[in-house]
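Hi,

Here is the structure I promised to pass on. Have a look at it first, and then read my notes below.

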2 protein chains.
Amino acid sequence: MDEITDAPQLGDALPLVASDPRWLPIALADLDAVHADHLHCERKAAQSALSLIRSYPERTDLVTAMARLAHDETRHVVQVSQLMTRRGQPASYDFGDDYAAALRDLIRKQEPERLLDRLLVFATIEGRSAERLGLLAGALEDPKSRELYASLATAEVRHRDIFLSLARDASPATWRERAAELAAREAEVLATRAISARIH
Amino acid sequence: MDEITDAPQLGDALPLVASDPRWLPIALADLDAVHADHLHCERKAAQSALSLIRSYPERTDLVTAMARLAHDETRHVVQVSQLMTRRGQPASYDFGDDYAAALRDLIRKQEPERLLDRLLVFATIEGRSAERLGLLAGALEDPKSRELYASLATAEVRHRDIFLSLARDASPATWRERAAELAAREAEVLATRAISARIH
């Protein structure tokens, strides 16, 4: 993953704990559920990026970065949907994501804290997704799925770093401290949730 | 526009009236406002496509088509944002779109009519966008802008046809009649609105 080498200082600012080792076997035991959830994760990632354009249109760098990121995520929706078609698996409804909801609850309401927190929460979700897609990539039996998941994991690391770099630009003095804080809170959120065959 | 030749029967099902001839000079007189509005139109088109994936995940053809369409629209957001940067123009807030809201009010609440109407309303918005982006393409002085707008107009014709073909697949017996009805209602919506320097 070249991105890590390119920007070591960025990823280091968001030290996420390793996933519980029980997650991977649970996920592998119900790949249909994982893919169905994953399709919606990619869709929601695109929607989150577009929602930032709506909120901060005057920030030209953010608008361009988020449009590009949404462009990536929509390609991932196509790719996951094609994978599911190959497996003869229909998609299913999205019944919400209490992991993301718990993180969104940590977003402060007032600007400029609100922008910083939104960027860092999205960075956190991308970072966690990257870790888990990478775990799947290392364990899946089907070579095409493995290759797809490895490429998606790399993309999510890049996305995490885009969010972190926008966070750094938005709040140069406070972003590192808040990133570390949110990484610790994310560990608490994970610890209180049941482990299931979903990306988060 | 090859798409028209490829699928003449589809576009014919949605006979939109020509725009009021006063629109183009008003739009050309305030291109900053047009571009600022256009950026949000492209963003909302991507969001609408993603919202259909959320609502109808079990329709594999729709999921793949909408993910691809959102992928296109997010590229358009990048392109319009780059055009605005070239012009030294910041983006502005989106204060809503009463044209799209008036069309969305025509969407019936119960399935299967709801799906048909959502597809046809999105087809209508794409068709109207295609017409107006084409008018701009024919009148803009800057060659790069002209080229961009011509390519966007072509893309919106293709998108209109994607929505129409999904509508046809969803309700083979009734889609044509409803498309004609919505085209007529759209003409009424346009007639009651002030003409302004916006895409719709």
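**What I found**

A:Arg43 sits in helix H4 (residues 31–55) of chain A, where helices (H or I, at least four residues) and strands (E, at least two) are DSSP runs numbered from the N terminus. With 1% relative accessibility, A:Arg43 counts as buried; buried means under 20% relative accessible area, exposed over 50%, and partly exposed in between (1.4 Å probe, protein chains only). Leaving out residues up to four places away in sequence, A:Arg43 touches A:Val77 and A:Asp94, plus B:Leu50, B:Ile53 and B:Arg54 from the other chain. Contact here means heavy atoms within 4.5 Å.

Before going further, some housekeeping: this is a predicted model, in which local features need pLDDT of at least 70 and side-chain atom pairs count only at pLDDT 80 or more, while totals for chains, interfaces and linings use all residues. Residues are numbered from 1 along each chain as its sequence is written, chains are lettered from A and ligands numbered from 1 in the order in which they are written, and side-chain values use heavy atoms, with hydrogens and water left out.

**How the two chains meet**

A rotation of 180° with 0.0 Å of shift along its axis puts chain B on chain A, RMSD 0.0 Å (least squares on the C-alpha atoms of residues with pLDDT of at least 70 in both copies). The two copies are thus related as by a two-fold rotation axis. In chain B, the C-alpha nearest that axis belongs to B:His71, at 2.5 Å.

B:Leu50, B:Pro57 and B:His71 supply 21% of the area that chain B buries against chain A, more than any other three residues.

So what about charges across the interface? There are 0 salt bridges between chain B and chain A, a salt bridge being a side-chain nitrogen of Lys or Arg within 4 Å of a carboxyl oxygen of Asp or Glu.

**Salt bridges within the chains**

Over all chains, the structure holds 32 salt bridges. One of them joins the side chains of A:Arg87 and A:Asp32 (2.7 Å, N to O). A:Arg87 is in the loop between helix H5 (60–86) and H6 of chain A and A:Asp32 in helix H4, so the pair ties together parts that are 55 residues apart in sequence. A:Arg87 is partly exposed at 38%, and A:Asp32 is partly exposed at 36%.

Another salt bridge pairs A:Asp72 with A:Arg75 (3.1 Å, N to O). Both lie in helix H5 of chain A, 3 residues apart, about one turn of the helix. A:Asp72 is buried at 13%, whereas A:Arg75 is partly exposed at 33%. There is also a network of salt bridges linking A:Arg108, A:Asp117, A:Arg178 and A:Glu181.

**Cis peptide bonds**

Most peptide bonds are trans. The bond from A:Glu111 to A:Pro112 is cis, with omega near 5°, and A:Pro112 lies in the loop between helix H6 (98–104) and helix H7 (113–139) of chain A. In chain B, a cis peptide bond joins B:Glu111 and B:Pro112, with omega about 5°.

Cheers

Terms used
Buried area = accessible area lost by both parts, 1.4 Å probe.
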